[in-house]
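Look at the fold shown here. The report below goes through its sheet, then a pair of its helices.

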Amino acid sequence: MENTYDFGLIGLGVMGRNFILNVADNQFTSMGYDLDQEKVNALIEEGKDTNKVNATSDIKEFVNSLSQPRKIMLLVPAGKIVDTVIESLLPHLDKNDLIIDGGNSFFTDTDRREAYLQEKGIHFFGSGVSGGAKGARRGPSIMPGGNKEAYKEVQPIFEAVAAKFKGEPCVAYLGPKSAGNYVKMVHNGIEYGLMQLTSEIYDLLKKAGKLTNDELHETFASWNKGRLQSFLVEITAEIFQKQDDKTDGRLVDQILDKAKQKGTGKWTSQNAMDLGIPVPSIDVAVSMREISALKEERVAAEDLYGRPTPEAIDKKALIKMAEEALYFAFINTYAQGLHQLAFASKEYGYELDLAVIAKIWRAGCIIRAELLEDISNAYAADKDLVNLLVAPNFVTEVKATLGGTRDVVAYAAKNGIPLPALSNSLTYFDAYTSGRLPLNLIQAQRDHFGSHTYERTDMEGIFHTEWED
């Protein structure tokens, strides 16, 4: 078994097992490692017909079985466990070996680990993997960042196992240091936004249009054949058809309205605030998961205030407006996330190519959508594009959907249907496209109570006024 396997993977849970079997399907020999002997045995059993997969619970045997330079991927939970696994590997590694963290680690942790391992002559990559368990098995979108030369060692494997869009692999070297983890973090932030928007449109159609689950299925399925074609719209259509195996109804109606989170959306929002980049559609998507957790409080508050009965509205007209509003908000959410990536690239020295990032998101990942082809083309046409909203093609698209979006937000506000992500998307757009905002008053207030100074419209310089006589 000495030095015979092309690729090593640590963490044989659902994601890890599926990923390593994907590697084997693409004719690369792979060795898995896990402390849980049952998981080791399960992988050996599942891969026995391929002659490409093996597994062990012995760390020394695992490392010694790999060809040099060793390529070892970690698919373990983010946090201290990553450091623990690294320390268990170090006594057995040689210079120029490569450790790849495929989990959702916070980007500063990746920078710390890379610097630590660089001193020991070991390469370390943060490499986001999106697509869930099915994606890991059939082809995920992979977002690697780290040493560019070291990436070449694992590039053939990653390009083979990644999802393909029109024959192109949905993986690319993104940049140095934690570029890969950062891009995956923002990917997940965009994912939060798109999921929240989709749920809001569902709520609107159900409460205002009184659409049945079959009608909701038909609506989202038809949207998925048009400009809203995306993984999230596709699975949303499927969800409305799923029968509950415990009652006579549909499963979606029996699921508790409390959404959980693992932190990547929150990290996106927090870091955007650190950078001074507005991502309000993502911010409120995180907040809504937190509000959803207050189920008992929400029920009690509804008893106090009641809910208005939505005014009658033509079902076909509502569906048309809702489609326009969802498309508008999808564009705005991608625009916010990509704006954050552009700014972070300069701040952290990532040298990101946004056209390439949009390309590797076109298949395999959770936020894959037809829209990403146009987004990639927009950034390819203008490398210095400051915001997707000012790309010529998107100006036309957004203008065409603006009326329906305003009508939807106004109707929902009047009828007590919460659309926070959609409303924030519209407010973000209106603020971003306003040549003058009322922040002159805020500057006056700040100078009045705290002597914080202000700038003027008619002359250069920094000014302060004694506001009280």
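Two strands pair if DSSP finds at least two bridges between them. Strands (E, at least two residues) and helices (H or I, at least four) are DSSP runs, numbered from the N terminus. The model is predicted: local features need pLDDT of at least 70, side-chain atom pairs count only at pLDDT 80 or more, and totals for chains, interfaces and linings use all residues. Residues are numbered from 1 along each chain as its sequence is written, and side-chain values use heavy atoms, without hydrogens and water.

**The sheet**

Seven strands make an open sheet with mixed pairing, in the order β3-β2-β1-β4-β5-β6-β7. β3 and β7 are the edge strands, and each pairs on one side only.

β1 runs parallel to β2, and four bridges join them. Gly-8 has Met-31 in β2 as its bridge partner. Both faces of β1 are covered. Buried means under 20% relative accessible area, exposed over 50%, and partly exposed in between (1.4 Å probe, protein chains only).

| Side of β1 (residues 7–10) | Residues | State |
|---|---|---|
| One side | Phe-7, Leu-9 | buried |

**The helices**

Helix α8 (residues 179–207) packs against helix α14 (residues 315–348) at an angle of about 165°, with the axes 10 Å apart. Axes are lines fitted to C-alpha atoms, for helices over the stretch in contact, and angles run from 0 to 180 degrees between N-to-C directions. So α8 is roughly antiparallel to α14 (under 35 degrees counts as roughly parallel, over 145 as roughly antiparallel, 65 to 115 as roughly perpendicular, the rest as oblique).
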